[in-house]
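Colleague: I have the model open and a few points to go through. Shall we start with the loops and then turn to the ligand?

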Amino acid sequence: MKTFYLDHAASTPLAAEVAAAMAEVAGQTGNASSQHAAGRALRDHLDVARETVAQELGCLFGEICFTSGGTESGNLALLGLALANPSRREILVSASEHHCLLSPAPVLSRLGITLRTVRADRYGRIDLTSLQEMASDQTLAIAAMHANNELGTRNDLVGVRGICEQVGALLIVDAVQTLGRESLHGSAWKADILFGSAHKFNGPKGVGVLFVRAGTPFEALLRGGGQERDLRAGTENVSGIVGLAAALRRGAISAPVELRERLAAGLPARFMRTVPPEVPTLPGHLHVIAPGIPAEQMLIALDRRGVFASSGAACSAGSSEPSHVLLAAGYDAQTSAQGIRFSLGPELSLDDVKEAARRITEAAEDIWSRQKG
Ligand code: PLP
């Protein structure tokens, strides 16, 4: 059976040229911190990779820190600020952020920093009116993602930046769903801290990048050999970092909007599209609610039919937990456990998408008819 991978927001295929660049370095002996020629050769690779990322972001070479991915970068963004013992004791974060920016709340609290969540609108975007009300001279930073990983919607980061400037807060941007897929160079919102993850743009898993603007009071979590200019100790994953840079140079191609619209058109009429097409979203991203079908049940039925998708909901045996993004967007708990995300890649053809839509419809009709019987 031919399978269809509709889960590019979760991870993307490793590009052949990226794998080749990594393989060349992976076989090299040495440690990038060693003074001898073998070590210096690896250090050169790291420098080239760092310069590539700095050019892409339009920032300084020394403002780039390589990490193990989006989760580590997000944790480090918050905890790095908190550990610097700032006089302001509050960070505002959109309720629809990825868990990597929400879950550190208890640890931040032990460090005396309160993480306060800001309301999201019905498309999961940070609500600027609420943000404006909550922001104050106590706000150390505001975190708002570039594009939401579940709904695909884009935050008004220029608006968020404006509020940051009014109260003198830093702007943290989770760009995991956009870095490497679109150019962030010269972005009008000028993040103070920004991060991305290589496996979302045809690079390797387990490697990411964190930009921290020079002069930002910031402390490391990992301490040891002083690598990454004291921001993250540990021997560098040189082949992974080379892979990240190669993937960034190559640039991931998104699926065209037409493909997403073709998929949407082929889905059951009872499916509810969470975000209408006129709202700016990631081009290959389609989120729906399958009424009456818990996400886990739908995903298993799709998996059996060779269609790979996901939900933002955490699944436990036989049931689906509600998605925190849908809850934040105002859906009730039951509906929030019925969300399905299809995220398309450029390798899919129109015929693939038509066939995937047919199988999705078949899976849903099958579940609904069994529910009736
Ligand atoms: N932030 C967003 C918006 C994401 O979509 C993800 C991954 O799905 C992450 C952070 C975490 O990234 P990683 O998988 O590299 O830990």
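Modeller: Helices and strands here are DSSP runs, numbered from the N terminus; a helix needs at least four residues and a strand at least two. Bear in mind that this is a predicted model.

Colleague: Is D230 buried or exposed?

Modeller: The cut-off for exposed is over 50% relative accessible area. D230 has 54% relative accessibility, so it counts as exposed.

Colleague: What is the phi of D230?

Modeller: Most residues other than glycine have a negative phi. D230 is not a glycine, yet its phi is positive. The value is about 70°.

Colleague: And what about R229: which class of accessibility does it get, and why?

Modeller: R229 is not a glycine, and its phi is positive, at about 45°. R229 has 43% relative accessibility, so its class is partly exposed.

Colleague: How far apart in space are S33 and V238, C-alpha to C-alpha?

Modeller: S33 is found in the loop between α1 (16-26) and α2 (37-57), and at 36% relative accessibility it counts as partly exposed. In sequence, S33 and V238 are 205 residues apart. In space, their C-alpha atoms are 11 Å apart.

Colleague: Now the ligand. Which residues come nearest to the ligand?

Modeller: There are 13 residues around the ligand. That shell divides into three nonpolar, eight polar and two charged residues. The ones that come nearest are G70, T71, D174, S197 and K200.

Colleague: Which side chain has an N or O atom 2.9 Å from an oxygen atom of the ligand?

Modeller: Go through the side chains in turn. D174 has an N or O atom 2.6 Å from a nitrogen atom of the ligand. S197 has an N or O atom 2.6 Å from an oxygen atom of the ligand. The 2.9 Å distance to a ligand oxygen belongs to Q177.

Colleague: How much of the area that the ligand exposes alone does the protein bury?

Modeller: The space taken by the ligand is the largest pocket. Taken alone, the ligand exposes 390 Å². The protein buries 85% of that.

Technical notes: Residues numbered from 1 in each chain as written. Predicted model: local features only at pLDDT ≥ 70, side-chain atom pairs only at ≥ 80, totals over all residues. Heavy atoms only, no water. Near = heavy atom within 4 Å. Polar contact = N/O pair within 3.5 Å; in protein donor to acceptor, adjacent residues only side chain to side chain. Areas by Shrake-Rupley, 256 points an atom, 1.4 Å probe, with all protein chains shown as cover. 1 Å grid on protein atoms, 1.4 Å probe; cavity = no way out; pocket = protein on both sides within 12 Å on 5 of 7 lines; lining within 4 Å. Sits in = over half its atoms within 2 Å of the grid points. Nonpolar A, V, L, I, M, F, W, Y, C, P; charged D, E, K, R; others polar. Buried < 20%, exposed > 50% of the residue type's maximum accessible area, 1.4 Å probe, protein only.
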